[in-house]
Amino acid sequence: MTKTTEGGSQTLGRGLKALTLIGESPSPLTVAELAEELGIHRSMAYRLVKTFEQYGFVERTPSGDLELGARLGALARNASKSLQAAATPHLATLSDELQMTALLVVFDGEAAVTLSTAEPRHADATVAQRPGTRHPIDNGAPGRVIRSQLNPEQYPAQDYEFSYDEVIPGLTSIAVPVNLPQHKPGAIAVIYLSQELDQNHVALKLTAASARISASLGVRA
């Protein structure tokens, strides 16, 4: 019988933790390193990895490093599809108006996760932020917006949040909340190379885009 912990499956929980470790490690993990991180015997880690490989969730490089597989990428493309579809045109408009990279960021239960991005089409240079990027909610402008939604008494909401050199070295971010279905915490933000500008103007543009995204989703402000 499969053991359970806190009402859930211990085996499934270990597998999900393994996938998280492989995906979020700053450098590729080997099976031995994964076993050490999970606190399990190496043979058990090999069995986990073998199962992941069979389903296309993990791939092993010739050197033995573990990488997330193409199957997970296909699943990710279908995640929150309606939310991405609603946000994409408004992020694109915002990005072109401000000539900055625009982001939709949501809370995944542990961290702030970039769900969708848009880069200005006619800029000489742009700042890239790939979907799936995660960072703690204590860091970065969108993270702190989400933190205020989760704990408004301790962290009262501001008109906008500002950060510099926190999540990505050398970059500045401004973020505002976005109202999402089921009261899911979320923010939209822009990131850009630091420069003198009117932060209030940027925040107003963000707030207007946020309202349009919420309206597209049928969520009242």
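Student: Fine. What is the mean pLDDT of the protein chain?

Tutor: This is a predicted model, and the chain's mean pLDDT is 86. Of its residues, 88% reach 70 or more.

Student: Where is confidence lowest, and where is it highest?

Tutor: Confidence is lowest in strand β1, residues 4-5, with a mean of 46. Helix α6, residues 141-150, is the highest, at 96.

Student: And over which residues does pLDDT stay under 50?

Tutor: Over residues 1-5. For that stretch the model has nine contacts beyond four places in sequence.

Student: Now the sheet. What order do the strands have?

Tutor: The order is β7-β6-β5-β10-β9-β8, in an open sheet of six strands with antiparallel pairing.

Student: Which strands stand at the edges?

Tutor: β7 (134-135) and β8 (161-164). Each has a single partner strand, so one side of each has no neighbour in the sheet.

Student: How many bridges join β9 to β10?

Tutor: Seven, between residues 171-177 of β9 and residues 186-193 of β10, and the two strands run antiparallel. To find one place in that pairing, look at A175, whose bridge partner in β10 is A189.

Student: Which helix packs on the sheet?

Tutor: Helix α7, residues 199-216, packs there and touches β8, β9 and β10. Its direction makes about 45° with that of β9.

Student: Changing topic: at what angle do α1 and α2 pack?

Tutor: About 125°, with the axes 10 Å apart; α1 covers residues 10-24 and α2 covers residues 31-38. The two helices are therefore oblique to each other.

Student: Left-handed or right-handed crossing?

Tutor: The crossing of α1 and α2 is right-handed.

Student: Which residues meet there?

Tutor: From α1, R14, K17, A18, L21 and I22; from α2, L34, E37 and L38. The residues of this contact divide into five nonpolar, three charged and no polar.

Student: What about α1 and α3, what angle do they pack at?

Tutor: About 75°, and the axes of α1 and α3 (residues 42-54) are 11 Å apart. That angle makes α1 roughly perpendicular to α3.

Student: Which residues of α1 meet α3?

Tutor: R14, G15, A18 and L19 do, and they meet M44, L48 and F52 in α3.

Notes. Residues numbered from 1 in each chain as written. Predicted model: local features only at pLDDT ≥ 70, side-chain atom pairs only at ≥ 80, totals over all residues. Heavy atoms only, no water. Axes fitted to C-alpha atoms, helices over the stretch in contact; angles between N-to-C directions. Helix = DSSP H or I, 4+ residues; strand = E, 2+ residues; numbered from the N terminus. Parallel < 35°, antiparallel > 145°, perpendicular 65-115°, else oblique. Left-handed = near helix turned anticlockwise from the far one by under 90°. Contact = heavy atoms within 4.5 Å. Nonpolar A, V, L, I, M, F, W, Y, C, P; charged D, E, K, R; others polar. pLDDT = per-residue confidence, 0-100. Pairing = 2+ DSSP bridges.
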